[in-house]
Amino acid sequence: MQKTKTTVMIVYILFLMIPIYWLINMSLQPNRDIIGSFTLYPQNLTFDNYRRIFTESGWAAGYLNSLTYVTMNTVISILAALPAAYAFSRYRFIGDKHLFFWLLTNRMAPPAVFLLPFFNLYQSVGLFDTHIAVALAHCLFSIPLAVWILEGFMSGVPKEIDETAYADGYSFPRFFIFIFIPLIRSGIGVAVFFCFMFSWVELLLARTLTSVDARPISVVMTRSISATGVDWGMLAAAGVLTLIPGALVIYFVRNHLARGFALGRV
Amino acid sequence: MDRTQNNYAWLFVLPVLVLVAFSAIIPLMTVVNYSVQDVLDANTRFFVGDEWYREILRDPQLHAALGRQLVFSFSVLAVQIPLGIAIALCMPTRGIWVAVTLVLVALPLLVPWNVVGTIWQLFARSDIGLLGVTLNGLGIEYNYTRGRWAAWLTVLAMDVWHWTSLVVLLCYSGLRAIPDAYYQAARIDGASRWAVFRHVQLPRLTGVLTIAVLLRFMDSFMIYAEPFVLTGGGPGSTTTFLSQFLTTMAVAQFDIGRAAAFSLIYFLIILAISWVFYTVITRSTKI
């Protein structure tokens, strides 16, 4: 039994890792090797592709821009979602079910045509090409998700804890910050992971709402590719570079993720 | 949990409401506005009423794209949900391997969507990609830029690669939340592995499965960047799904009115199907 499980896991992880390995493999080869010969590992190991990326302008800024708006989005989403999730998990109020479903529907708007109205909206309020514009636009799908996840974790905390705290003379803000939030710490970890994830991978909105000052990394990548034609080595190297922040985030939240997933009934 | 009636709870929801409404309602109204007009340029526009809607509902190309989209989305669900549950059941439950597998499993989720397309392009090309070269070496003719089936299956494989981990993570969290007492009770009753899965694990997974099914349905129904990078919608229109059809209409042909009417219909389709999923699954838990 245990053996089958391990085998399944290993096969699945190999399936996930092989395409990524191939990307790394290509990023470390000069272009003529990529086109010319088929090798399972780089025969003429070179870091040229990476060097070219880092010497060209725009790349470091692109990274920083992406990280800035993703961080803003995550902070705003969590701060707004915490009280809302508390309300959904503890109280019944007029229209609560409809509101919850309405929040979810915002994930369903096909981005393609909403791009133009988004552009107009943010331009008319003077936020076009700022980090906060992308962060706010991404709230559209990260906040509903954060509310959804946090509500699950909060419902797992017995209501007696709230009542005991009030009986002990805690005010609501003190109770919420010093007792309740530590209890759902892992849930917050999971929510942070999902907010970061959906904001980091989103391309269409981020591309529409920025031009120069807040241009995200994935756009920098597509632009420099189209400028030089199909440059496989550089494309692969750029791809590898976009994987790194994601990998770092998972590494930092891994314990929360493991514990959060162990506690939560998402 | 029994929740107390308290309408002041709206105050807690207010920040979320304001933030989401800002980005949701104004653009939505703008789209509604476009959808009843013929926009020629920024200053010239005519009111055309429901003409766009009638035209779109009769468009055979759109019907074809919608059909392809439905087949694709349901294939995605049919593969990823069972696979995700199976993998979640196989995940280690304690020890250092938990963190390691979680990190590895979560990695594809954090790849930007256009990079997912790039990865699979490099991986599947029949001249330089590992997958393409291997399949052709095995004597299977494979070229995703030419074969219809090859293209469609490559896009599906890419989506499985990209998103199954989401189902795995959600189901894993659901499984970890089942108290040991349930398993002990099942063991005393002499339940088989299948019976444990069917009557202990699966019922407790409905909550997370609702989220998983809904998220996967919505996102696969709006899939855009990945097939756009990988196949560009081809060969022919085999992998031109709704989003791409819509973008071509809005951007390339600059047919804003038509595209707006289309995206509202698109939105309503997603809304309707999600609502059906939502009610069916939540109702089945409250027997």
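Trainee: Which residues in α3(B) meet α9(B), and which ones do they meet there?
Mentor: This is a predicted model, and in it B:Gln69, B:Phe72, B:Ser73, B:Val76, B:Leu77, B:Gln80, B:Ile81 and B:Gly84 are the residues in α3(B), while on the side of α9(B) they meet B:Ala212, B:Val213, B:Arg216, B:Phe217, B:Ser220 and B:Phe221.

Trainee: And by class, how do the residues of that contact divide?
Mentor: The contact of α3(B) with α9(B) has 8 nonpolar residues and 5 polar ones, together with 1 charged residue.

Trainee: What angle do the two helices pack at, and how far apart are their axes?
Mentor: Helix α3 of chain B, residues 60–90, and helix α9 of chain B, residues 193–221, pack at an angle of about 145 degrees, and their axes are 9 Å apart.

Trainee: Is that crossing left-handed or right-handed?
Mentor: The crossing of α3(B) and α9(B) is right-handed.

Trainee: What about ipTM and pTM for the model?
Mentor: The model has an ipTM of 0.83 and a pTM of 0.84.

Trainee: Switching to the two chains, how many residues are in contact?
Mentor: On the side of chain A there are 81 residues in contact with 77 residues of chain B. Helix α13 of chain A, residues 232–263, gives the most to chain A's side, with 17 residues. By class, that side of chain A has 63 nonpolar, 11 polar and 7 charged residues.

Trainee: Which strands pair between chain A and chain B, and in what sense?
Mentor: Strand β1 of chain A (residues 91–92) pairs with strand β1 of chain B (residues 4–5) in the parallel sense, over 2 bridges. In that pairing, A:Arg92 has B:Gln5 in β1(B) as its bridge partner.

Trainee: Okay, domains next: what does the assignment give for chain A?
Mentor: The domain assignment gives domain 1 as 1–46 and domain 2 as 56–263, and the C-alpha centres of these domains of chain A lie 31 Å apart. Their contact takes 8 residues from domain 1 and 7 residues from domain 2.

Trainee: Which element gives the most on the domain 1 side?
Mentor: That is α1(A), which gives 4 residues to the side of domain 1 that touches domain 2. By class, this side of domain 1 of chain A has 5 nonpolar and 3 polar residues, and no charged residues.

Technical notes
Residues numbered from 1 in each chain as written. Chains lettered and ligands numbered in written order. Predicted model: local features only at pLDDT ≥ 70, side-chain atom pairs only at ≥ 80, totals over all residues. Axes fitted to C-alpha atoms, helices over the stretch in contact; angles between N-to-C directions. Left-handed = near helix turned anticlockwise from the far one by under 90°. Nonpolar A, V, L, I, M, F, W, Y, C, P; charged D, E, K, R; others polar. Domains from an automatic or database assignment. Pairing = 2+ DSSP bridges.
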